[in-house]
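I want to work through the charged side chains and then step back to the whole chain.

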Amino acid sequence: MANIKSQIKRIKTNQARTERNRAHKSELRTSIRRVREAVESGDATAAADALKLASTKLDKAVSKGVLHANQAANKKSALAKKVGSLSK
């Protein structure tokens with residue numbers, strides 16, 4: 001453990017941020033999984049609703065600094081492509 005006061009504070013804040021980021025990422029993975037499950041079941045309306053929720057969560061993760069903007073954009077694009085394939 002560090003002896004320097006500022007370093008002790010940095011360790012505490014890093015732990016808090018790590019836990020917060022972990023929670024955000026877990027929510028993201030869950031919402032993305034729900035989109036994939038809806039696509040696999042063939043339910044277009046459920047997939048579209050799940051995609052909307054997942055896109056919102058991805059955008060929020062970017063604004064919080066949990067994900068890089070390009071990574072979120074790639075995930076949204078891939079999910080939208082899967083959902084779009086249902087309507088054909």
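This is a predicted model: local features need pLDDT of at least 70, side-chain atom pairs count only at pLDDT 80 or more; totals for chains, interfaces and linings use all residues.

**Entry 1**

Is Glu27 buried, exposed or something in between? I looked up its relative accessible area and got 43%, so Glu27 is partly exposed. To count as buried it would have to be under 20%, and to count as exposed it would have to be over 50%.

Next I checked what the Glu27 side chain meets. It forms a salt bridge with the side chain of Lys57, at 2.8 Å from N to O. This pair links distant parts of the chain: Glu27 sits in helix 1, Lys57 in helix 2, and they are 30 residues apart. I looked up Lys57 too, and at a relative accessible area of 27% it is partly exposed.

**Entry 2: the other salt bridges**

How many salt bridges does a search of the whole structure find? The count is 3.

One of them joins the side chains of Lys76 and Asp59, 2.9 Å from N to O. Lys76 is in helix 3 (residues 69–86) and Asp59 is in helix 2, so this bridge ties together parts that are 17 residues apart in sequence. Lys76 has 26% relative accessibility, so I wrote it down as partly exposed. Asp59 got the label partly exposed as well, with a relative accessible area of 39%.

Another is between the side chains of Arg33 and Glu37, at 3.3 Å from N to O. Why are these two separated by about one helical turn? Because they are 4 residues apart in helix 1. Arg33 is partly exposed at 41%, and Glu37 is partly exposed at 41%.

**Entry 3: a patch of positive charge**

Then I went over the surface looking for charges that gather. Lys9, Arg10, Arg17, Arg20, Lys60 and Lys64 make up a positive patch there. Which helix gives the most to it? Helix 1 does, with 4 residues. Helix 1 runs over 5–41 and helix 2 over 44–64, and each of them supplies at least two residues of the patch.

Arg17 has its place in helix 1. Its relative accessibility is 52%, so Arg17 counts as exposed, given that the cut-off for exposed is over 50%. Arg20 is also found in helix 1, but at 48% relative accessibility it counts as partly exposed.

I also compared sequence and space for Arg17 and Lys64. They are 47 residues apart in sequence, yet their C-alpha atoms are 11 Å apart in space.

**Entry 4: stepping back to the whole chain**

What does the secondary structure come to? I noted 3 helices and 0 strands. Reading along the sequence gave me the pattern α-α-α. The radius of gyration is 17 Å, well over the 12 Å that the globule rule gives for 88 residues, so the chain is more spread out than a compact globule.

For the dimensions, I took the span of the C-alpha trace along its principal axes: about 65 × 20 × 15 Å. Last, I looked up how much of the chain is tucked away from the surface. Buried residues make up 20% of the 88 residues.

Conventions
Residues are numbered from 1 along each chain as its sequence is written. Side-chain values use heavy atoms; hydrogens and water are left out. Patches are made of residues with over 30% relative accessible area and no salt bridge: like charges are joined within 9 Å, nonpolar side chains (Val, Leu, Ile, Met, Phe, Trp, Tyr) within 5 Å. Accessible areas come from the Shrake-Rupley method with a 1.4 Å probe; for residues, only the protein chains shown count as cover. A salt bridge is a side-chain nitrogen of Lys or Arg within 4 Å of a carboxyl oxygen of Asp or Glu. Lys and Arg count as positive and Asp and Glu as negative; His and the chain ends are not counted. The place of a charge is taken as NZ of Lys, CZ of Arg, CG of Asp or CD of Glu. Buried means under 20% relative accessible area, exposed over 50%, partly exposed in between (1.4 Å probe, protein chains only). The radius of gyration is taken over C-alpha atoms; the globule rule is 2.2 Å times the number of residues to the power 0.38.
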